[in-house]
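Please open the model in your viewer and keep the selection tool ready. We will go from one interface to the next.

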Amino acid sequence: MTTPTIEIGWARLALASALIMVAIALSAWQRLGLAKSLAIGAIRALVQLTLIGYVLVWLFNTNRWYLVLGVLLLMVLTATLAATARSPGGRPARRRLRPICFVSILLGSSLTIAYVGAVVIDVTPWYNPRYLIPLFGMIVGNAMNGAALAAGRLQSEMASGRAQIEAYLALGASPQQASAEPARRATIAAMIPTINSLAVVGVVSLPGMMTGQILAGSAPTLAVRYQIVVVFMLAAATALTATGIVQWYRRSFFTSAAQLLPPIQL
Amino acid sequence: MNQDKAGRRVLSDLSVSLPKGGFSTLIGPSGAGKTSLLRLLNRLDDPASGTVCFMGRPIADAPVRALRREVGFVFQTPSMFPGTVAQNLLIVPTLGGQAAADPPSVGEALRQVELDTDFEHRIAAELSGGEKQRVALARALMTRPRILLLDEPTAALDPEVAEQLMLTLRRLREDSGLTIVMVTHRLSEARLASTYAVMLEAGRLVEAGPADRFFSTPATARTREFITAGRQGSEPA
């Protein structure tokens with residue numbers, strides 16, 4: 001059951017820009033100092049989305065597995081840079097965190113998309129960009145947020161819990177045992193947004209993918225089933241990524257002689 | 001040995017021996033390097049250069065976790081683990097990968113630190129400062145250490161509670177034969193409990209010797225000056 005989608009041309013898009021003008025006008029009136037950021041953000045969104053539209057058309061037409069994989073890898077790389085851009089501890093901390101974050105997002109997202117693509121949806125060919133790219137985009141977006149939350153929370157828990165961690169180490173505990181509580185708290189912090197969204201999906205929020213499919217003419221029941229797959233896969237990807245980051249990153253807080261490094265060396 | 005901290009030299013050309021079975025106190029003004037030295041003794045830190053030996057063998061040659069079970073550490077501010085006092089103590093034998101050989105019972109550990117056995121059911125985080133410090137001490141004893149390191153254990157306690165803890169530590173050493181090494185700001189405590197004293201200043205050894213002689217007839221003018229200042233009440237509280 002599909003109905004034709006209402007076309008949005010450039011003229012209609014120009015009309016939509018009135019909406020961002022409302023936000024800019026409000027900012028100027030209230031002297032929030034956000035007008036410039038909003039204008040730059042709007043232009044960036046316009047350019048990025050238009051370009052990705054053309055990239056997707058090209059990818060769908062060329063339909064080559066290595067190009068699809070290249071785009072997926074680029075998504076993970078961009079997500080890694082975004083997830084670590086605001087992490088505290090300065091450049092040395094970010095340099096240490098980036099490879100951990102990259103591998104964790106890559107593994108968490110790849111395992112999830114492999115299961116969804118090969119087992120749940122049974123995509124053919126396996127690299128079909130029409131499925132793989134939007135699904136992987138959603139997965140990486142969530143994994144990125146989970147990674148940023150997990151890493152940030154682990155850093156702050158390791159800093160505030162130094163006394164307790166050293167108390168454990170002094171009793172002969174392994175770094176793994178000594179950092180168990182900070183690791184647990186960091187993983188929970190990364191999972192909470194996903195758990196919250198699981199609880200309200202379909203009641204408070206109608207997610208983008210489902211809304212998009214309905215607007216594009218799919219039957220709502222089919223869109224809902226896709227959305228259920230999506231929320232499950234996002235939960236898996238976030239859990240895998242957050243666990244990977246926390247388990248790997250926490251090792252970097254200790255020396256090989258089970259000594260807690262001073263915060264400045266992180 | 002030498003030690004650096006945040007790019008600053010905190011111990012310089014230090015060489016000192018501490019007697020087995022003794023109660024050694026490390027004294028000296030703030031910034032002398034007392035805590036930095038103590039942390040080297042169970043490898044919470046490693047020296048920038050030099051060697052720490054235990055019974056004649058470099059401690060860096062021993063597995064670090066096994067070393068820490070032989071060389072207990074009590075921090076200035078006691079950090080209680082979640083749960084009851086008993087849970088704080090019973091977690092210790094589980095930390096070693098395999099249970100430590102014959103760990104003391106909760107009751108035995110509490111008796112050693114002169115806490116009533118009723119304490120085992122109390123929530124550790126809700127205890128007073130002095131009680132927490134005794135629980136931290138009991139927790140360190142759960143590995144049956146041969147050496148106990150104490151980093152200003154009375155710094156946050158009022159003088160009366162601090163003195164009681166000192167007496168407990170002295171009896172503990174006499175009864176169990178533990179070797180104790182304690183950092184303290186309070187000369188009165190050092191005199192009360194120690195059998196051996198070491199004075200550091202600016203990361204260097206000033207003087208070390210048996211406590212009787214150290215406090216009655218110090219060998220260096222600097223130690224004499226420090227002890228006299230302490231007697232006149234100018235020692236940090």
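A polar contact here is a pair of N or O atoms within 3.5 Å; within protein, one must be able to donate a hydrogen and the other to accept it, and residues adjacent in sequence count only if both atoms are side-chain atoms. This is a predicted model, so local features need pLDDT of at least 70 and side-chain atom pairs count only at pLDDT 80 or more, while totals for chains, interfaces and linings use all residues. Residues are numbered from 1 along each chain as its sequence is written, chains are lettered from A in the order in which they are written, and side-chain values use heavy atoms, without hydrogens and water.

Start with chains A and B together. Between chain B and chain A there are 10 residue pairs in polar contact (both at pLDDT 80 or more). On the side of chain B that touches chain A, H2(B) gives the most, with four residues (helices are DSSP runs of H or I, at least four residues, numbered from the N terminus).

Next, select Glu166(A) and Arg39(B): their side chains meet in a salt bridge at 2.7 Å, N to O (a side-chain nitrogen of Lys or Arg within 4 Å of a carboxyl oxygen of Asp or Glu). The rule finds one salt bridge across this interface of chain B and chain A.

Now stay in chain A and colour domain 1 (1-62) and domain 2 (64-265), whose bounds come from an automatic or database domain assignment. Their centres, taken over C-alpha atoms, are separated by 28 Å. Where they meet, nine residues of domain 1 contact 13 residues of domain 2 (heavy atoms within 4.5 Å). Between these two domains of chain A, the count of salt bridges is zero.

Definitions and conventions:
Helix = DSSP H or I, 4+ residues; strand = E, 2+ residues; numbered from the N terminus.
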